Amino acid sequence: MHIQYILEIVGTGLFAVSGSLAANEKSKPDWFGVTFIGFITSIGGGSLRDILLGAYPLTWVKDVNFLYAVFIGILLASIFYSSFLKLRKSFFIFETLGIAMFTIIGCEKAMSYGVNPLIAAIMGMFSAVMGGVLRDVLTNEIPVIFKKEIYATACLAGAFLYLLLDYLNVERNINILLAMSLIFVIRVIAVKYNISLPKFRKEADIASS
Amino acid sequence: MHIQYILEIVGTGLFAVSGSLAANEKSKPDWFGVTFIGFITSIGGGSLRDILLGAYPLTWVKDVNFLYAVFIGILLASIFYSSFLKLRKSFFIFETLGIAMFTIIGCEKAMSYGVNPLIAAIMGMFSAVMGGVLRDVLTNEIPVIFKKEIYATACLAGAFLYLLLDYLNVERNINILLAMSLIFVIRVIAVKYNISLPKFRKEADIASS
Amino acid sequence: MHIQYILEIVGTGLFAVSGSLAANEKSKPDWFGVTFIGFITSIGGGSLRDILLGAYPLTWVKDVNFLYAVFIGILLASIFYSSFLKLRKSFFIFETLGIAMFTIIGCEKAMSYGVNPLIAAIMGMFSAVMGGVLRDVLTNEIPVIFKKEIYATACLAGAFLYLLLDYLNVERNINILLAMSLIFVIRVIAVKYNISLPKFRKEADIASS
């Protein structure tokens with residue numbers, strides 16, 4: 001539990017870093033704007049999950065350490081801006097680990113509210129990706145998850161693996177490790193080989209319709 | 001009650017069909033994107049209503065059948081894509097019935113939380129239209145309800161008729177039928193004759209201001 | 001308390017006026033659209049604060065007077081449209097007073113839920129600015145608070161002053177007056193002298209990165 005808490009705090013700070021870097025590339029907002037966007041990116045997904053579950057009080061409202069993690073993340077992003085941009089590949093690794101972790105934690109939390117496993121998987125995926133969706137909506141972009149890479153789909157796959165292994169009584173730590181690994185591997189392979197999900201409709205169909 | 005439940009499930013699936021068709025026309029997202037947008041379109045309005053009312057647990061979080069309805073709707077939209085586009089006129093009829101139904105159900109639910117009838121009417125309208133608003137915001141469009149056709153206004157009119165007849169102790173089934181009919185008729189006439197609400201300001205005023 | 005209630009109602013109406021004027025300038029929606037946008041602008045910030053706090057029932061859901069204030073504000077905006085545009089400077093004064101008031105009220109409400117003062121300050125700022133953010137998102141604009149003027153920052157400064165003076169046991173009415181004054185003065189000076197927060201990254205850095 002203690003290790004999980006530390007990982008959650010670190011993961012939140014990491015999301016704030018990536019949120020503020022993305023914010024800055026797009027619309028070059030001022031300090032407040034970057035902080036705001038970094039904040040929404042890192043706490044948006046978990047907040048939406050908790051609001052949908054009615055899981056009050058929200059994590060960051062109850063525990064100010066999450067807020068400190070966000071601020072430290074944004075400060076680091078400002079100071080080491082060029083380094084972060086150069087280290088983009090290593091950063092991608094950490095970000096994907098963060099996504100994997102928040103998916104499984106979100107899934108577990110939803111299960112603890114007694115919801116159907118299918119709903120829990122969606123809640124886990126929401127925890128990981130909806131912060132980014134909110135960021136994209138606020139900066140007037142079409143959300144990345146609609147277009148590129150197998151990202152939210154990887155989260156869903158990991159969440160389902162977690163739920164399956166949980167059902168089979170696999171030990172929790174092993175389960176979390178396996179489920180996070182699946183998310184990590186799918187996403188890394190998808191990005192490395194530029195794999196996308198098929199379009200809903202083939203171009204030919206669209207042209208002829 | 002049993003019939004109402006079936007109608008709600010069918011209506012949710014119907015909204016998912018129309019959400020995923022709209023999603024695909026606009027931004028040609030991948031399978032995940034279409035499913036996501038279809039999902040938000042169909043459950044967004046009711047979810048917002050329940051979050052505003054504090055009516056936990058949310059309908060689709062408690063009852064996974066709504067999720068199945070969404071998935072079946074999206075699957076049907078994919079398989080019968082061309083047919084749905086050709087049958088647009090019939091589809092419009094069903095969609096309008098769905099909007100009418102969700103308005104009245106939402107209005108009833110809000111009343112059961114003891115709110116003022118004016119608030120209940122707004123909640124009913126929100127149930128029917130906010131899923132589409134969320135869809136438009138996510139796909140980076142100006143929400144349709146701000147621009148075209150008497151749509152949300154029809155929902156409000158139906159909600160007020162329902163509340164009036166309820167106040168006058170009209171039998172519930174008759175009341176629902178009349179209120180839904182009003183929404184249906186207003187919307188069909190508005191679309192058929194291309195009637196819009198007046199602009200907030202006349203062009204002349206804007207030019208001279 | 002009685003005076004505060006009247007001020008809250010008046011402030012809500014004022015926000016509806018400024019929301020509907022902004023709505024109309026941008027996208028020239030119809031009457032429904034303007035009312036909808038005015039409504040979201042004026043009740044959005046407080047609603048988001050209450051949803052994040054789990055503070056049910058929401059103010060405007062419980063008390064229909066807030067809705068009447070919104071409708072009266074929109075009606076006045078329609079009738080005295082040209083006058084409001086001419087009186088923009090006086091209007092700016094009132095709007096800034098409204099922002100200051102909602103910040104402090106929101107901050108107080110959050111404190112009454114036992115949250116950390118840092119969270120309370122954010123909740124106060126959200127109360128004042130998130131209605132405008134929602135309006136901008138709905139009308140497909142990049143939120144103003146990311147770009148221009150020291151606006152949300154002024155709210156945060158005022159909230160922190162309020163929390164400090166509250167901690168020092170300064171009498172509540174004097175405290176509110178001082179904190180609101182700080183917000184008001186910062187914003188008026190920032191707008192008058194066109195002061196902005198520094199960019200997150202200097203242009204030179206961006207060019208070279």
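H2(A) is followed by A:Gly54, whose phi is positive, near 70°. Helices here are DSSP runs of H or I with at least four residues, strands are runs of E with at least two, and both are numbered from the N terminus. The model is predicted: local features need pLDDT of at least 70, side-chain atom pairs count only at pLDDT 80 or more, and totals for chains, interfaces and linings use all residues. Residues are numbered from 1 along each chain as its sequence is written, while chains are lettered from A and ligands numbered from 1 in the order in which they are written.

**Helix H2.** The 23 residues of H2(A) should span 33 Å at 1.5 Å a residue, and the end C-alpha atoms are 33 Å apart, which agrees. The expected span is 1.5 Å times one less than the number of residues. H2(A) also has a kink of about 45°, centred on A:Ile43. The bend is the angle between axes fitted to the seven residues ending at a residue and the seven starting there. Of the 23 residues of H2(A), 21 are buried, so this helix is largely enclosed by the rest of the structure. Buried means that 20 or more other C-beta atoms, placed from the backbone, lie within 10 Å of the residue's own.

**Chain A as a whole.** Chain A has ten helices and zero strands. Its C-alpha atoms fill a box of roughly 55 × 50 × 30 Å along the principal axes. A compact globule of 209 residues would have a radius of gyration near 17 Å; chain A has 17 Å, which agrees. That radius is taken over C-alpha atoms, and the globule rule is 2.2 Å times the number of residues to the power 0.38.

| Share in chain A | Value |
|---|---|
| Buried residues among the 209 residues | 52% |
| Contacts between residues 24 or more positions apart, among contacts with a separation of 6 or more | 69% |

Two residues are in contact if their C-beta atoms, placed from the backbone, lie within 7 Å.

**Between chains.** The contact takes 25 residues from chain A and 26 residues from chain B. On the chain A side, helices H2 (31-53), H7 (117-138) and H8 (152-167) each give two or more residues. A rotation of 120° with 0.0 Å of shift along its axis superposes chain C on chain B (RMSD 0.0 Å). That is the relation of a three-fold axis. The copies use different surfaces: 12% of the contact residues of chain C recur in chain B.

Definitions and conventions: Copies are superposed by least squares on the C-alpha atoms of residues with pLDDT of at least 70 in both. A residue is buried if 20 or more other C-beta atoms lie within 10 Å of its own, exposed if 12 or fewer, and partly exposed in between; C-beta atoms are placed from the backbone.
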